[in-house]
Amino acid sequence: MSFQINPLHAIDFYKADHRRQYPQGTEYVYANFTARSARLAVMLPDSDDKIVFFGLQGFIQHFLIETWNEGFFQQDKEKVLSRYQRRMDLALGEAAIPTEHIAALHDLGYLPLKIKALPEGTRVNMRVPVLTIINTKPEFFWLTNYIETVLSAELWKSCTTATIAFEYKRLLTQYAHKTAAPIDNVILQAHDFSSRGMSGIYDAAQSSAGHLTSFIGTDAVAAIDYVEEYYQAEGVIGVSVPATEHSVMCMGNEDHELETFRRLICDLYPSGIVSIVSDTWDFWRVITEFSVQLKQDILNRQPNALGLAKVVFRPDSGDPIKIICGDPDAPQNSPAYKGAVQCLWEIFGGQTTAKGYKVLHERIGLIYGDSITLARAQAILMQLEAQGFASNNLVFGIGSYTYNYITRDSFGFAVKATWGQVNGVARDLVKDPITDNGTKKSAKGLLRVEKNTNGYVLFDQQSPEQEQLGELHTVFENGQLYIQHRLAEIRQRLNEAL
């Protein structure tokens, strides 16, 4: 039997007995999921401290519906109960956790939960909930926060990745305008290289789906499958190009590196785009010597059906700012001093934009995919602009430095209960530690979110009637998904927010 996640076990152990810890007579528990602070997020200085809400729909379909149905409701009841009892007994002590409530949930046949949320693809202000969750039947009050662990684990990263991807797009769009580079090119300028740095391939699919909310350049095949399955993605979802790796170049032998380049450019890929890793040995030799010897071959390549015929050199080590823009500490007029873009301009030339910025010849290009961060990308674009080069001379490969050097605390995501009902009497709940700086202070009571000119604003301590108003709408209730967003809609919302 293959390993599959048991949805009952997708918890921290301490969740198992909270049911008995709540006051006797507890009937409802109401919680929310909120980004509380961007103080640990590595963002651009002019970022407006908003997050992109993304990932709930995939989580609902994959986990709350498919995993719970297949791994719990459709399983034999006695088998489910015995497995749960064994897991709890061995970890917490014999008979430490009763199972009557688990049996009752299995008998019910669905998750008695209601989730209200903002539309996916919206940019949400700090400390404003993106969703609320409450049990729909009083006897299952324990279930709201029972799923906190998996709700948090499955959502924080998709939101964080989508947020950072938007910041890259905002940055690239800004410099495209400043240097009169084609705006349509921006969706290809940040290419997702992050899969190998993720915590497993499912994490890679979910995380890289966040990248696809702003860009179409990706090497994450599983992410395309994910958004097709859960976000009704159609048409052009993600694209890539033929590309080499170091094993390919090494196998060709250093003494025959030029021949490897020629075989790739002329024989294997005589048209279209091909990306060739170029620093296996001497990057500057490739850029200043091999490119000269291959110049006519490169210029003679024929456009494919999309009109593309570009050879892309890929440096993959060193300081990306210095490699691309030049190192002022290198010997004057050396290739390292000039940087890769200037070297290629001197060999291939190119055109200028309407604002006078230089663009490399359409048959040649650069992609840099090692250790790229938002700050480094901004520094590179600033230096290229200062040197008179347009922003579209480079594609950024976005990998682990961007999409895995993050945590739940990057934006302070947390699930917190703010309201409950005990023996028919409502209780407003609030967390406000005296030892904290205010970051962990929660909202209080029932919540309503409204939209204003600055985004979204939270109103707490609402009446039940007021809670029904605002921008949070029922997405999931009693095992059913009620609102679905297409990837195209999400992309459109984000485009409108640029």
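**Exercise 1. Determine which elements cover the buried residues of helix H19, and how those residues are arranged about its axis.**

Solution. In this predicted model, the cover over the buried residues of H19 includes strand E2 (50-52) and strand E4 (123-125), together with helix H6 (148-179) and helix H8 (221-230). The next step is to name what is covered: within H19, which spans residues 487-497, the buried residues are Leu487, Ile490, Arg491 and Leu494. Viewed down the axis of H19, these buried residues fall within an arc of 95°, so they line one face of the helix. The spacing can be understood in general terms, because an α-helix has 3.6 residues a turn and residues three or four places apart therefore point the same way. To complete the picture, the face of H19 turned away from the buried side carries the exposed residues Ala488 and Glu496.

**Exercise 2. Describe the strand partners of E13 and the hairpin to which E13 belongs.**

Solution. Strand E1 (residues 26-35) pairs with E13 in the antiparallel sense over 9 bridges, and Ala31 has Ala417 in E13 as its bridge partner. Then turn to strand E14 (residues 425-428), which pairs with E13 in the antiparallel sense over 4 bridges; here Gly420 stands opposite Arg427 in E14. Finally, the hairpin of E13 and E14 has 2 residues between the strands, and in this hairpin Asn423 takes a positive phi near 50°.

**Exercise 3. Classify the ring pair of Tyr22 and Phe141, and state whether each residue is buried or partly exposed.**

Solution. The ring centres of Tyr22 and Phe141 lie 5.8 Å apart and the planes stand at 80°; since an angle over 60 degrees counts as edge-to-face, the pair is edge-to-face. This pair links distant parts of the chain, with Tyr22 in the loop between helix H1 (18-21) and E1, and Phe141 in the loop between strand E5 (129-135) and helix H5 (143-146), 119 residues apart. At 24% relative accessibility Tyr22 counts as partly exposed, whereas Phe141, at 11%, counts as buried.

**Exercise 4. Describe the aromatic partner of Phe389 and the charged residue over its face.**

Solution. Trp345 and Phe389 form an edge-to-face pair, 6.1 Å centre to centre with 80° between the planes. Trp345 belongs to helix H15 (residues 340-348), while Phe389 lies in the loop between helix H16 (374-386) and strand E12 (394-398), 44 residues apart. Phe389 counts as buried, at 1% relative accessibility, and Lys358 lies over its face at 4.3 Å from the ring centre.

Key: Residues are numbered from 1 along each chain as its sequence is written. This is a predicted model: local features need pLDDT of at least 70, side-chain atom pairs count only at pLDDT 80 or more; totals for chains, interfaces and linings use all residues. Side-chain values use heavy atoms; hydrogens and water are left out. Buried means under 20% relative accessible area, exposed over 50%, partly exposed in between (1.4 Å probe, protein chains only). The arc is that of the directions from the helix axis to the C-beta atoms. Contact means heavy atoms within 4.5 Å. Two strands pair if DSSP finds at least two bridges between them. Rings of Phe, Tyr and Trp (its six-membered ring) pair if their centres lie within 6.5 Å; planes under 30 degrees apart count as stacked, over 60 as edge-to-face and the rest as tilted. A charge sits over a ring if NZ of Lys or CZ of Arg is within 6 Å of the ring centre and within 35 degrees of the ring normal.
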